[in-house]
Amino acid sequence: MIAWAGPDGRVLPVVTAPAPVLGAVGDEVDPTSPEVVRLAADLVATMRVSPGCVGLAAPQVGVGAQVFCVDVTGHPKASTVHGAFVLCNAKVIEASRWKAGREGCMSVPDLTGDVKRAGRVVVSAMLPGSGEPVTVTTDAFEARALQHEIDHCDGKLFLDRVAGAHAIYQRKVYL
Amino acid sequence: MHELAITVIGPDRPGIVADVSEALAAVGANLTDSTMTRLRGHFTMTLICTGPASAEAEAALGSLKDVVTQVRSVSPESYGVKDGEPWVVSVHGADRLGIVAAVTRVVAAAGGNITDLSTRLAGTLYVLVAEVDLPPAAGDELAQQLAVAAAELGVDVTLRQAEPEIL
């Protein structure tokens, strides 16, 4: 099981573009270190209090590290669902079934964009705390969320992947 | 048969597209390619049409209130990059003077032809997305030059190949 079962974290402020941390490649982390476990807990706590938030990466709380959380539970576009989980040093090792979809981001609150993502991915990563290596195979909305968060850890925003000049939109309401 | 390039800019309101196209239809102007959008609330429409002489189209649009219009005769030729490959450039960062100028100059120097471009200012975040036709094998070098320009501007830039979506 990869579900998050760590301590309660603090709710951190979410940084928005053009903050430089969002464009920097995050450092690989030691998943067993107490700071990483605390960061994981803080990411989960911050995600949980943010309406509509299905994932949050360390750069979005101002930390340039390869750690993120995801929870797409209950989302209508989700198929496979692993609940709330946190991954460290995650890499996409297989990607297929590419499909365009609309994405937003708490760090780019005023815009959304059409982005092509794999509808099925295999991701290798380590769990915070135990440091256990895991392979996550998922699809549909959870696969999209993982790719979006892994991009954050690589200093990329959905704006770096939009399909074309007319694929960004002014957001009318943030959930 | 005349080919006309027309721009119409003014405060946005319901019915403005209908008014513009009705005025043109009344003088026999046949719309071919057109685009309309709102830029920070301003109505902007650019279109190419065929039919009447430019003076006639100009007179027809002259009846519209509160808009700036321009009509010009054009020739149907257009410039294209020979064997051009479609790429997409994304730029985002803190707003400052000259981002578009600097980035598009680098693209031009690489022989790239911008075929579509949009920019947005959202708070302090400036976003530019451009579709570019590049000469064959020009991508890697342009990516390096864009990275240099982006570092000077303090913005992030990505250049990637556009994916053809042809069934």
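Trainee: How many bridges join strand S1 to strand S3 in chain B?

Mentor: Two strands are said to pair if DSSP finds at least two bridges between them, and strands (E, at least two residues) and helices (H or I, at least four) are DSSP runs numbered from the N terminus. Here 10 bridges join S1 (residues 2-11) of chain B to S3 (residues 42-51) of chain B, and the two run antiparallel; within this pairing, Ala5(B) has Ile48(B) as its bridge partner. S1(B) is also joined by six bridges to S4 (residues 68-73) of chain B, again antiparallel, with Ile9(B) bridged to Val68(B).

Mentor: Before we go on, please note that this is a predicted model, in which local features need pLDDT of at least 70 and side-chain atom pairs count only at pLDDT 80 or more, while totals for chains, interfaces and linings use all residues. Residues are numbered from 1 along each chain as its sequence is written, and chains are lettered from A and ligands numbered from 1 in the order in which they are written.

Trainee: Which residues does UniProt list for "binding site"?

Mentor: Such positions are given in the numbering used here, with shortened feature names, and the annotations may be inferred rather than shown by experiment. The unreviewed UniProt entry lists Cys105(A), His148(A) and His152(A), which spread over 48 residues of sequence yet cluster in space, the largest C-alpha distance being 10.3 Å.

Trainee: Is Cys105(A) buried or exposed?

Mentor: A residue is buried if 20 or more other C-beta atoms, placed from the backbone, lie within 10 Å of its own, exposed if 12 or fewer, and partly exposed in between. Cys105(A) is buried because 25 other C-beta atoms lie within 10 Å, and His148(A) is buried with 23. Cys105(A) sits in the loop between S3 (85-103) and S4 (111-126) of chain A, whereas His148(A) belongs to helix H2 (residues 140-153) of chain A.

Trainee: Which residues is His148(A) in contact with, leaving aside its neighbours within four places in sequence?

Mentor: Contact requires C-beta atoms, placed from the backbone, within 7 Å. By that rule His148(A) is in contact with Gly55(A), Glu103(A) and Phe158(A), leaving aside neighbours within four places in sequence, and Cys105(A), not counting residues up to four places away, touches Leu157(A) and Phe158(A).

Trainee: How should I read a phi value, and what is phi of Asn89(A) near?

Mentor: Most residues other than glycine have a negative phi, and most peptide bonds are trans. Asn89(A), in strand S3 of chain A, has a positive phi near 50°, and Asp66(B), in the loop between H2 (54-61) and S4 of chain B, has one near 65°. Asn89(A) is buried, with 20 other C-beta atoms within 10 Å, but Asp66(B) counts as exposed, with 9 C-beta neighbours inside 10 Å. A cis peptide bond, with omega about 15°, joins Ala17(A) and Pro18(A), and Pro18(A) lies in the segment before H1 of chain A.

Trainee: How many residues of each chain are in contact where chain B meets chain A?

Mentor: On chain B 21 residues are in contact with 15 residues of chain A. Strands S5 (85-94), S6 (113-122), S7 (125-134) and S8 (155-161) of chain B each supply at least two residues of that side of chain B.

Technical notes. Contact = placed C-beta atoms within 7 Å.
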